[in-house]
Structure formats: C-alpha cells, structure tokens
Amino acid sequence: MAPSAVTADPIPAPQSKQLVPKAQEQPANREYLTPLQAISQGVSLPGIPLFSSYEKHRAWILEHMAGAFRVFARKGFTEGMSGHISVRDPENPHTFWTNPLGVHFGLLKASDMILVDYHGNAVGGNTSRPANAAGFLIHSAVHKARPDVHAACHCHGKAGKAWSAFGRKLEMLNQDITYLYGDAQAVYEEFGGIVFSEDEGKRLAASLGPKGKALILRNHGLLTVGGTVDEAAYLYTLMERSCEIQLMVEAAAANGIPKIYVEDEAAAYTFKMASDPETLYWEFQPDLEYERAMSDSAFAK
C-alpha cells in the first residue's frame, strides 16, 4: 500500500480572481474555480499528496512508477527490451529512478527500480541488472534540459510507432487530444537508429521545447513528460490512443469523408481546463487503482 501522506495544500486561485468557496459556488461562477474543482461536482478531489519525509515521498513515487509499468503492460505497450520510465528522486534531483533492462513491464515492482546519476552510474536501488543505455541518454537529456520535468515515459506502442512514420503532430480531432494543444506537443524529426550518442539525446530534448508535454519521435515512438509519473503515464496512454484514432480518421478521410477539427478557441480552453498537473495526475488514478485491485498491489513491494 502507498505510505501515508499529509494533506495537500489547496491550489491557489488565479491571481486575477478570488476563489469562491465550494459551498457557495453557483453554476455561473465555475470560471472562478481551479480545473480540479471545476471537474468535481460536489466535494473536490484532493490535490497531489505532500509528504512529511523524503523517504515516504520516494516510496510513493516508486510504487506509482511500478504501477504505471503494470498499466502499460495491460494496455500492450511492451516491445522486447524497449521502453522506459524515469522519475527524479525527491531528495537528490540530479538523479533519477528507472527500470532494469530486460524485465517485462507486467512483472516490475517498486523494489526493482534503479537510481542513476547524470553520468549514468547506478547509485542506489536495484543494482543486480543494468538500466537501458539508450533510455538513459534520452531521459537524462530531458531531465537536464527541463528542471520542471519530474517524470518521463517512452515506449514503442503499436499505434505510436505507426503514426511516428508520418513525422507529424497529432491533429485536434477531438476533446481528448486538446490536452496536448499548441506547444504541448512536438515532433523530433531525425532518426539515426538507437540513441547511443549524448548529442542525439540533447537534440531530442531540445525538440520537446520549454513547454512540451509530448514528443513524437519520427520512425521510433512516443515520449511524454510530467510533474508526476502519474501525469506522464496518463499522457502516454492518451497519446497512444490518439495515434490509433488519428490513423482511423486518416483511413476514413482517404475515402472522401472530410475532417472537422476542434476550433482553436475551444481547444485552448479545454487545454487550460484539463491539462494542469493536478487534473492529469487524477486522470491516471482509475487505471492505477484498477491495476492495484487486479494485482493485489503486487507492484508496491
């Protein structure tokens, strides 16, 4: 089970507006609420947990990280030894946790994770297996370039690989993909084989940009990032499904059915109201709790 956490502080209201207490909220005033409050009809879902020690925070991170791998396995995102998740250590942010090479996502537990530093040295956790060298170069470059990124996910899912062959962003075809509206989505337009060079890792991270949440790696796969592993993992599942839907739409459009896109104003509004860290954290909880129930929390060990 996850370690106990202290209650998260309330999310501050936008500086230009005063937060209306939930008990006094009227439908006409929903614009005054935070995104998480706005989606909650009644008592709001709580915010991301805060912890009284690094040890408790670390245990929670590793449990959710292992749970994310189990969710990915259940959704069919495994491909041999490919795929990795990284999460910054809360106490030593110049190090990050990642998965051991050659272990199926569906078998991973919190105790299996490896702590590596920016030089690629294993400095903690499970040192009985190596980390993925290509994965280290990708994730270390992303973490170095983006101090705000606490977690990153990269896999070789079927739909993601298929759409990556076009080297194009996903289009604003429905409500869900607007969570990656504008600068939140980018494309890495190079492909030089497996990433074994530090320079390519840096170019990949640069392609993500300062505001990017999701990256399409041409002829390769998908990468997503977030403030929590839950956010990054949910965005990966969203992006993989969106690639599948985009391919379905492309097939229909090839037969002469015209596409109708979400208008920019609506896409920007939905992004604002659904793509904040608190909401995206919660978007992942149903899948995580389902995996917890199906596995009797085996990934938490």
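The structure is a predicted model, in which local features need pLDDT of at least 70 and side-chain atom pairs count only at pLDDT 80 or more, whereas totals for chains, interfaces and linings use all residues. Residues are numbered from 1 along each chain as its sequence is written, and side-chain values use heavy atoms, with hydrogens and water left out. Helices (H or I, at least four residues) and strands (E, at least two) are DSSP runs numbered from the N terminus.

Within H8, a kink of about 30 degrees lies at Gln285, shortly before the proline Pro286, where the bend at a residue is the angle between axes fitted to the seven residues ending there and the seven starting there. The buried residues of H8 include Leu280, Tyr281, Phe284, Gln285 and Leu288, buried being under 20% relative accessible area, exposed over 50% and partly exposed in between (1.4 Å probe, protein chains only). Their cover includes helix H1 (35–39), helix H2 (54–74), helix H6 (229–254) and helix H7 (264–274).

The axes of H6 and H8 come within 7 Å and cross at roughly 70 degrees; axes are lines fitted to C-alpha atoms, for helices over the stretch in contact, and angles run from 0 to 180 degrees between N-to-C directions. The two helices H6 and H8 are therefore roughly perpendicular, given that angles under 35 degrees count as roughly parallel, over 145 as roughly antiparallel, 65 to 115 as roughly perpendicular and the rest as oblique. In this pairing, Asp230, Glu231, Ala233, Tyr234 and Leu235 of H6 meet residues of H8, among them Pro277, Leu280, Tyr281 and Phe284, contact meaning heavy atoms within 4.5 Å.

Eight strands form an open sheet of mixed pairing, in the order E4-E3-E2-E1-E5-E8-E7-E6, two strands being paired if DSSP finds at least two bridges between them. Strand E4 (122–125) and strand E6 (185–188) stand at the edges with a single partner strand each, so one side of each has no neighbour in the sheet. On average, and with direction ignored, neighbouring strands are turned by 20 degrees against each other. Strand E1 (residues 84–88) and strand E5 (residues 151–155) run antiparallel and are joined by four bridges, with Ser86 standing opposite Ala152 in E5. H2 packs on the sheet, touching E1, strand E2 (95–98) and E5, and its direction makes about 165 degrees with that of E1.

Most residues other than glycine have a negative phi. Asn219, in the loop between E7 and E8, has a positive phi of about 60 degrees although it is not a glycine, and Asn219 is partly exposed, with a relative accessible area of 38%. H8 is followed by Asp296, whose phi is positive, near 55 degrees. Ser297, in the segment after H8, also has a positive phi, near 60 degrees, and Ser297 counts as buried at 12% relative accessibility.
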